[in-house]
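Subject: Structure handover and findings

Hello,

Here is the structure for you to look over. Please open it first, then read the notes below.

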Amino acid sequence: NPGVCCSYFFSSQPGRQGTGQLHYSVSEEAKHGTFVGRIAQDLGLELAELVPRLFRVASKSRGDLLEVNLQNGILFVNSRIDREELCGWNSECSIHLEVIVDGPLQVFHVDVEVRDINDNPPVFPATQKNLSIAESRPLDSRFPLEGA
């Protein structure tokens with residue numbers, strides 16, 4: 001699926017067993033059920049231990065956007081993700097998750113980058129802009145315009 005990237009980075013911090021970070025990315029507006037990543041496998045957890053160890057995911061933002069299927073350990077899109085609603089006009093947008101398992105207690109940090117699909121066309125303040133450029137200007141001259 002070209003709208004989903006599932007690479008990850010895991011690093012343990014000395015003295016904090018089970019603490020690490022995964023990174024995934026998904027395009028905004030992805031449909032319910034869209035695959036995001038094999039979160040259980042990427043964290044080194046066995047599928048059979050997810051339920052007995054009370055595997056759970058907590059989100060600092062809206063908690064209903066992503067969900068984990070406890071049968072197969074896959075993180076998937078649970079409801080439509082609107083990047084602009086989630087992060088406004090910030091150039092970077094991520095959903096930060098904490099994955100918690102008991103027996104022994106382990107906490108994992110997961111970032112899911114929400115990629116913009118450019119669903120909002122730019123709007124400029126004026127429909128037309130006239131520029132007067134002298135012939136003597138150097139070829140590499142630049143003329144800044146107002147942003148959209």
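The notes below go from the whole chain to single residues.

**Basis**

This is a predicted model, so to speak of local features a pLDDT of at least 70 is needed, side-chain atom pairs count only at pLDDT 80 or more, and totals for chains, interfaces and linings use all residues. Residues are numbered from 1 along each chain as its sequence is written, and side-chain values use heavy atoms, with hydrogens and water left out.

**Overall**

The protein has 2 helices and 8 strands. Here helices (H or I, at least four residues) and strands (E, at least two) are DSSP runs, numbered from the N terminus. Starting at the N terminus, the order is β-β-β-α-β-β-β-α-β-β.

The protein has 148 residues, and 32% of them are buried. Buried means under 20% relative accessible area, exposed means over 50%, and partly exposed lies in between (1.4 Å probe, protein chains only). The protein exposes about 10000 Å². Carbon and sulfur atoms supply 51% of that area. Accessible areas come from the Shrake-Rupley method with a 1.4 Å probe; for residues, only the protein chains shown count as cover.

Take the contacts between residues at least 6 apart in sequence: 57% join residues at least 24 apart. A contact means heavy atoms within 4.5 Å.

**Isoleucine 39**

Isoleucine 39 lies in helix H1, residues 39-42. Its relative accessible area is 0%, so isoleucine 39 is buried. Not counting residues up to four places away in sequence, isoleucine 39 touches Leu22, Tyr24, Phe55, Val68, Gly73, Leu75, Val99 and Val110. Phenylalanine 76 is 37 residues from isoleucine 39 along the chain, and their C-alpha atoms are separated by 9.5 Å.

**Aspartate 111**

Aspartate 111 sits in strand S8, residues 106-115. Aspartate 111 counts as buried because its relative accessible area is 15%. Its side chain makes a polar contact of 2.3 Å with the side chain of histidine 96. A polar contact is a pair of N or O atoms within 3.5 Å; within protein, one must be able to donate a hydrogen and the other to accept it, and residues adjacent in sequence count only if both atoms are side-chain atoms. Leaving out residues up to four places away in sequence, aspartate 111 touches Gln21, Leu22, His23, Tyr24, Ile95 and His96.

Isoleucine 100 is in strand S7, residues 94-101. Its relative accessibility is 17%, so isoleucine 100 is buried. Beyond neighbours within four places in sequence, isoleucine 100 contacts Leu54, Phe55, Arg56, Leu105, Gln106 and Val107. Alanine 58 is 42 residues away in sequence, with a C-alpha to C-alpha distance of 7.9 Å to isoleucine 100.

Proline 104 is in the loop between S7 and S8. A cis peptide bond joins glycine 103 to proline 104, with omega about -5°.

**Positive phi**

Most residues other than glycine have a negative phi, and most peptide bonds are trans. Glutamate 29 has a positive phi, near 65°. Glutamate 29 is in the loop between strand S2 (21-27) and strand S3 (35-37). At 27% relative accessibility, glutamate 29 is partly exposed. Leucine 54 also has a positive phi, near 55°. Leucine 54 lies in the loop between H1 and strand S4 (56-59).

**Largest pocket**

The largest pocket has a volume of about 180 Å³. Phe124, Pro125, Ala126, Thr127, Gln128, Lys129, Leu145 and Glu146 line this pocket. By class, the lining has 4 nonpolar, 2 polar and 2 charged residues. Ala, Val, Leu, Ile, Met, Phe, Trp, Tyr, Cys and Pro count as nonpolar, Asp, Glu, Lys and Arg as charged, and the others, Gly among them, as polar. On a 1 Å grid over the protein atoms alone, a pocket is an open set of points where a 1.4 Å probe fits, with protein on both sides within 12 Å along at least five of seven lines; lining residues have an atom within 4 Å of a point. Grid points are joined across faces, edges and corners, and the volume is the space filled by probe spheres set on the points.

Best wishes
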